[in-house]
Amino acid sequence: STYSALEYALSIKLTDRQKANADSVLRLQQSSQMRLQNLLYADMEKRVATLLTTQGNYASTNRVQKSGTTQWSSGSFSGNIETDIDTGKEAVRSAIGIDPNTIIIPSAVAKYMKRNATIRELIKYTHSDLLVDGDLPPMLWGMKVLIPKGINATSVEGATVTMADLWGKHVVMTYKPTDGSIDTPAHAYMFRARNWLTKTWR
């Protein structure tokens, strides 16, 4: 398929007075540049999260809508997470012939999953790093675990700040290839026309 690379950029004004008044240890220009780069990364994550968690982007056989106590993030969860995982893995395998190797579990879901009795029983003897950072182990069911924690202000500028998780409560199982060859299946390739570029002008 064809694709296009859109340009995303931010700018900031640094006056000569600001530079003259700032102590050198503040590295005013470098820190401003890093802040803009972090904002660009956050914006990119928001676009990726929206793409990967929009139900309409998946065939009906490749998504499941949970509600009430069947949600993994429910404190009164009454389902079986491992059964749901098996169903999801089989959906991916049936579509591309390869099991998913990556699972994205948002922080809002991971904090409930790590307390699930079945999961604790599965990993308590095999993952010595379970309590290292208080999160789920780096591998579960043969998949690398990614736990995004990004949040986004959903309120308009100047109003009372309202924050929301970028990834909501959507768990995504996907296949991420070790190399980027054109014939290798992948959930979502991201094409970059060029590396980061910084310009300064007066």
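Predicted model: local features only at pLDDT ≥ 70, side-chain atom pairs only at ≥ 80, totals over all residues.
**A walk through the sheet and its surroundings**

In strand β3, Val145 is the bridge partner of Ile103. Strands of a sheet pair through backbone hydrogen bonds, either parallel or antiparallel.

Four strands make up an open sheet, ordered β2-β3-β1-β6, and their pairing is mixed. At the edges are β2 (139–140) and β6 (172–174), each of which pairs on one side only.

Let us follow the sheet towards β2. Strands β2 and β3 run antiparallel and are joined by two bridges. Across this pairing, Met139 stands opposite Lys144 in β3. The two strands form a hairpin with two residues between them, and in its turn you will find Trp141, which has a positive phi of about 50°.

Going the other way, we come to β6. Strand β1, residues 102–104, pairs with β6 in the antiparallel sense over three bridges. Here Ile104 stands opposite Val172 in β6. Helix α3 (residues 81–96) packs on the sheet, where it touches β1, β3 (143–146) and β6. The direction of this helix makes about 40° with that of β6.

Is Thr174 buried or exposed? Its relative accessibility is 10%, and buried means under 20%, so Thr174 counts as buried. Leaving aside residues up to four places away in sequence, Thr174 touches Pro100, Asn101, Thr102 and His187. With His187 there is also a polar contact of 2.8 Å, which joins the two side chains.

Finally, let us turn to the aromatic rings. The count of aromatic pairs comes to one. It is formed by Tyr41 and Trp196, whose ring centres are 5.1 Å apart; their planes lie at 65°, so the pair is edge-to-face. This pair links distant parts of the chain: Tyr41 belongs to helix α2 (residues 28–53), while Trp196 is in the segment after β6, and the two are 155 residues apart. Tyr41 is partly exposed, with a relative accessible area of 37%, and Trp196 also counts as partly exposed, at 40% relative accessibility.

One more ring deserves a visit, that of Tyr8. The charged end of Arg47 sits over this ring, 3.6 Å from its centre.

Conventions:
Residues numbered from 1 in each chain as written. Heavy atoms only, no water. Pairing = 2+ DSSP bridges. Contact = heavy atoms within 4.5 Å. Axes fitted to C-alpha atoms, helices over the stretch in contact; angles between N-to-C directions. Buried < 20%, exposed > 50% of the residue type's maximum accessible area, 1.4 Å probe, protein only. Polar contact = N/O pair within 3.5 Å; in protein donor to acceptor, adjacent residues only side chain to side chain. Phe/Tyr/Trp six-rings, centres within 6.5 Å; stacked < 30°, edge-to-face > 60°. Lys NZ or Arg CZ within 6 Å of the ring centre and 35° of its normal.
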